[in-house]
Amino acid sequence: MTWDPDRYLHFGGQRVRPALDLMSRIPLSAPGHIVDLGCGAGNVTRLLSEYWPRSSITGVDNSPEMLTRAFAEGLDVTWVEADINTWQPEIAPDLIFSNAALHWCDSHQTLLPDLIGQLGPQGVLAVQMPRNHSAPSHVCMIEAAKDGPWYEKLELVLRPGPVATPEKYYQILSTCSWKVDIWEAEYLQILDGENPVVEWTSTTALQPLLEALEDEDERAGFLQAYSDRIAEAYPVMANGKTLFPFRRIFIIAQT
Ligand SMILES: C[S@@+](CC[C@H](N)C(=O)[O-])C[C@H]1O[C@@H](n2cnc3c(N)ncnc32)[C@H](O)[C@@H]1O
């Protein structure tokens, strides 16, 4: 999928807060080497470098658009274009940090233990992922996809909810980590604009579906079907604000 850093960063404030919440719970005072896995546009990597100014940092992502933007941050960070699923570190990191990226990868059952295995001694894996795949923002995507002539094309890119329950992650990680900390939080995001939830999802989860529809009319038809459902599920309030509750899961596992 093609990422648009400018549009993604439009909701930068709401998107950065969970990263800070995750960072604040990492039990490391001075990690020597940090990897920001799925580093995106580098704005969260910047926060890591400010939080741990003595650490060496590598940012890994497979989007050239996001990495170009990250490089422009002018940080003392090594940027690597690689797929998380096959990436191997050159030196074992003390911290693998991944904010809002691993839900783009499948097979967490093997991916998370593999990442733990990449860490150095007393290393930490810190992960945050959205866990709102049963919320209307995502359910309406499936409904709108099924409700038109575009379904044949969209069926190919629709993914089952990629993020498991906290209990499942505990089961996966307790076999390879001596200490696991898992929690969830639901952020009540207060958004401005006409149909801001569509603006939000069209920079992330909706994007692969829009890309799958090459015919402009078909794409517009699907987008309209989705937007109508979203406008009903997340109505604009009298004060012009739209409330978008958003559940996220946080995982910290130590070696
Ligand atoms: C929602 S953005 C989050 C970016 C950043 N971590 C942040 O918090 O702002 C997800 C990022 O994960 C990257 N990504 C998704 N799947 C990936 C994969 N398989 N390998 C590498 N990067 C991936 C995308 O390119 C995108 O930059």
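**Ligand contacts**

A nitrogen atom of the ligand lies 3.0 Å from an N or O atom in the side chain of D83, a polar contact in the sense of a pair of N or O atoms within 3.5 Å. Taken alone the ligand exposes 600 Å², of which the protein buries 96% (Shrake-Rupley areas, 1.4 Å probe). This is a predicted model, in which local features need pLDDT of at least 70 and side-chain atom pairs count only at pLDDT 80 or more, while totals for chains, interfaces and linings use all residues. Residues are numbered from 1 along each chain as its sequence is written, and side-chain values use heavy atoms, with hydrogens and water left out.

*Other contacts and shell*
- An oxygen atom of the ligand is 2.5 Å from an N or O atom in the side chain of D61, and a nitrogen atom of the ligand is 3.2 Å from one in the side chain of N62.
- The ligand is surrounded by 20 residues (a heavy atom within 4 Å), the closest being G38, D61, D83, I84 and N99.
- This shell divides into 11 nonpolar, seven polar and two charged residues.

*Overall fold*
- The chain has 11 helices and seven strands (DSSP runs of H or I, at least four residues, and of E, at least two).
- Its C-alpha trace spans about 55 × 40 × 35 Å along the principal axes.

Key
Polar contact = N/O pair within 3.5 Å; in protein donor to acceptor, adjacent residues only side chain to side chain. Nonpolar A, V, L, I, M, F, W, Y, C, P; charged D, E, K, R; others polar.
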